[in-house]
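This briefing is meant to be read with the sequence and the 3D view side by side.

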Amino acid sequence: MPKCTINGKEVEVPQGASIIEAFKAMGEDICHYCWHPGLSVAGVCRLCMVQIEGIPKLQIACNTEVKDGMVITNQSEQVKDTVKWGLDFHLINHPLDCPICDQAGECGLQDQYMQYGKYDPEMAEKKVKKHKVVDLGPTIVLDSERCILCSRCVRFTEEVSQTNELGIFNRGDRSEIGTVDGKPLDNNYSLNTVDICPVGALTSKDFRFRQRVWYLKDSDSICPGCSTGCNVKVYFNEEGLWRVKPRYNAEVNGHWMCDVGRDTYKYVNKRARLLKVRAGQAEYWEDKEVFSAVMEAGRDLRESAEKNPNSVAVVMTGQYTNEEFKEFFDFAAGELKLTRFYHWMNDPAHAEDFDGLLYRGDKNPNTNGLKAEAKTHGGFKSFEDLQANLGGLETILVLGPENQSQFDDIKEKVEMFGKAKKVIWLTACGSEEINALRAPSVQIPMKTYIEKAGSFTNYKGLVQEFKRGTTIVEDALTLSEVVTLFRGHELDYKNRPQPLGGTKKNHFTEIRGQL
Amino acid sequence: MSYQVKRTEATSNWYLPGILTGLGFTFRKMISNLLHPKDMPTLNYPEEKYQYGPRFKGNHVLTVRKDGSIRCTACMLCATNCPADCIKITAAENEDPSVEKYPISYEIDVLRCVFCGFCEEACPVDAIRMGPEWQTAALNGSNFAYDIQQLAYRPQLKGGVRSVVDDQERHHAGI
């Protein structure tokens, strides 16, 4: 454990740690582009310069190991001057694209120029023009002019995704990022290159020009896309959720997440969601007020369970939180004495699949939590049992998946459940598949993962808590709230979480047309 | 508890001299206005109009490029800077790679606008200006939400005001 002094403060770092890691561990400011904690050291940007006592020239912090007794500073005039000029060199060919650049607002170049910049460039030559709006693949657009050639994305495809699509082509000031023979950058981790790009050279097609980042608020959450449970940051505003980005957690996902997980923002937004209770059956559905309709469905459920607990079946998916499952089992198994519980998984045969990095075959974030909770209440029955007893069932209560796109067998299941006398389907999103239910049914709108707090148990049994980010559909319910209403209790309507307020609107704006 | 309202006594019942003084002043002004109409401080508004200075901040104008397309790049700096929160922009991707981003809709709620000119100051490409127009009446309140058609191509602008920041010129200059 070597000891060193950084900016006058003594610090002990692990053996083999680089100076920049020591800076980061201390929370000291240091200018850098090419260094990324999840990637190898390249040492190409030359901005993380530090002065080490006893060494005449400045050294780069990312590629210098801390030795015992080193006295390091990056506050000296010499370092500041070097960083200032280094930044100016980076900006020689960087276009003035900030107004149309998606990175503006969270751009490393902007931030560091504000702090260390020279402000009066002395470059008299014209800027080198390169390719703009290069289509790199199904998810990413490249702007070569903005690229500062830090090679983070190239190292990412080499080291992390190990797909080796990207490379740096040509030489000198004509160097450009590109793919070999124009092959597309198409892998399940491609959007991580957008995250690690310190400038706006790589932009996501999905998020491009949709929002300015300074309009977005963020919140920590857990990705519900698969059983890995990557730690994520969700970005939202009053219009809805706009993107999902990974958050560092060494135990689970490191710095990365997959592209499938990033798509989970799509079903969260209002357009895809079920806003009211939908009651009826195939070809005829009507919308009903949520709270009264759920209470009514609960009353029917309790009645049929009192007559015969075996006439009610519960089909569960691992897409709800541990807390919700506990409350639900307390109600269903404890109070109603139900015994028929069934576990619906997206693809049980491939549940153990793993791509070697993050993405797993089990597309439910909380399968383990559900299984553990079910074990204490008698466990699950197989679907053959449900098939055999369909005729005698009064009600099927389906705790449906919020991420329906991952459930390929939803059509078969809808057909199967439709043979019961009544179906109560809890779902976040309305869909054509569910609307095909043949039996008289009630679809109850549920909250999605960013609208509730709780915890998921991931594939290796790690319990990860997450907070509520925002509320998108006000009337949607959590499973705990559904249980409260099923019990016949009222909710605390006044104190339910509200969506973010929209733009401060003039009250007369709406009626203006009639004035 | 009861309240008693105290009234101040009228200091004098002699109101007639005051009224006569006032009437005299009015009459004197009327005569002088009839004799020297040019010295009147007021304007006969619909017929005569006040000439504001060239820096007057009136209704907004969106400028256009040489080819007549809208200059705005939908960077949202004006909307961010707007203290009245009256600008609403929806950005979209342009097929032309040299343009890239443009506003598919740009709305200003003029009744909310406080005409501070911050949008004009924030704009990096001279896409929005405060024009000279100030007489904007409408029959219906809904007509005060100006869209791109109104902001950039209203008849008074005669095909649009050219922006002084030109991308192609910038490109040739190597910026």
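Arg208(A) has a relative accessible area of 7% and is therefore buried, where buried means under 20% relative accessible area, exposed over 50% and partly exposed in between, with a 1.4 Å probe and protein chains only. The model is a predicted one, in which local features need pLDDT of at least 70 and side-chain atom pairs count only at pLDDT 80 or more, whereas totals for chains, interfaces and linings use all residues. Residues are numbered from 1 along each chain as its sequence is written, chains are lettered from A and ligands numbered from 1 in the order in which they are written, and side-chain values use heavy atoms, with hydrogens and water left out.

**Salt bridges between the chains**

- Arg208(A) forms a salt bridge with Glu93(B), and the closest N and O atoms of this pair are 3.0 Å apart; a salt bridge here is a side-chain nitrogen of Lys or Arg within 4 Å of a carboxyl oxygen of Asp or Glu.
- This pair crosses between chains, since Arg208(A) lies in the loop between β10 and β11 of chain A and Glu93(B) in strand β2 of chain B; helices (H or I, at least four residues) and strands (E, at least two) are DSSP runs, numbered from the N terminus.
- Glu93(B), at 38% relative accessibility, counts as partly exposed, whereas Arg208(A) is buried.
- Arg146(A) forms a salt bridge with Glu100(B), with 3.6 Å between the closest N and O atoms, and the count between chain B and chain A is 3 salt bridges.
- A network of salt bridges links Asp97(A), Lys132(A), Asp143(A), Glu145(A), Arg146(A), Arg208(A), Glu93(B) and Glu100(B).

**The interface as a whole**

- In contact with 23 residues of chain A are 27 residues of chain B, contact meaning heavy atoms within 4.5 Å.
- The area buried between chain B and chain A is about 2200 Å², and carbon and sulfur atoms give 53% of it; buried area is the accessible area (1.4 Å probe) that two parts lose on being put together, summed over both.
- Across this interface the rule finds 5 residue pairs in polar contact, both residues at pLDDT 80 or more; a polar contact is a pair of N or O atoms within 3.5 Å, where within protein one must be able to donate a hydrogen and the other to accept it, and residues adjacent in sequence count only if both atoms are side-chain atoms.
- On the side of chain B that touches chain A, the elements that give two or more residues are α2 (77–81), β2 (87–93), β3 (101–109) and α5 (167–173) of chain B.
- By class, that side of chain B has 13 nonpolar, 8 polar and 6 charged residues, with Ala, Val, Leu, Ile, Met, Phe, Trp, Tyr, Cys and Pro counted as nonpolar, Asp, Glu, Lys and Arg as charged, and the others, Gly among them, as polar.

**Salt bridges within chain A**

- Over all chains, a search of the whole structure finds 33 salt bridges.
- One of them joins Asp135(A) and Lys205(A), whose closest N and O atoms are 2.7 Å apart; the pair links distant parts of the chain, with Asp135(A) in strand β6 (residues 134–135) and Lys205(A) in the loop between β10 (202–204) and β11 (217–222), 70 residues apart.
- Asp135(A) is exposed, with a relative accessible area of 53%, whereas Lys205(A), with 34%, is partly exposed.
- Asp195(A) forms a salt bridge with Arg262(A), the closest N and O atoms being 2.8 Å apart, and this pair runs from helix α5 (residues 192–196) to helix α6 (residues 259–262) of chain A, across 67 residues.
- Asp195(A) counts as partly exposed at 22% relative accessibility, and Arg262(A) as buried at 7%.

**Aromatic pairs**

- The whole structure has 18 aromatic pairs over all chains; rings of Phe, Tyr and Trp (its six-membered ring) pair if their centres lie within 6.5 Å, and planes under 30 degrees apart count as stacked, over 60 as edge-to-face and the rest as tilted.
- The rings of Trp344(A) and Phe417(A) have their centres 6.0 Å apart and their planes at 85 degrees, so this pair is edge-to-face.
- Trp344(A) also forms an edge-to-face pair with Trp425(A), at 5.9 Å centre to centre and 85 degrees between the planes.
- Because Trp344(A) lies in the loop between β17 and α9 of chain A and Trp425(A) in strand β19 (residues 422–427), the latter pair ties together parts that are 81 residues apart in sequence.
- Trp344(A) and Phe417(A) are both buried, and Trp425(A), at 0% relative accessibility, counts as buried.
- In chain B, ring pairs link Tyr45(B), Tyr50(B), Tyr52(B), Phe56(B) and Trp134(B) into a cluster.
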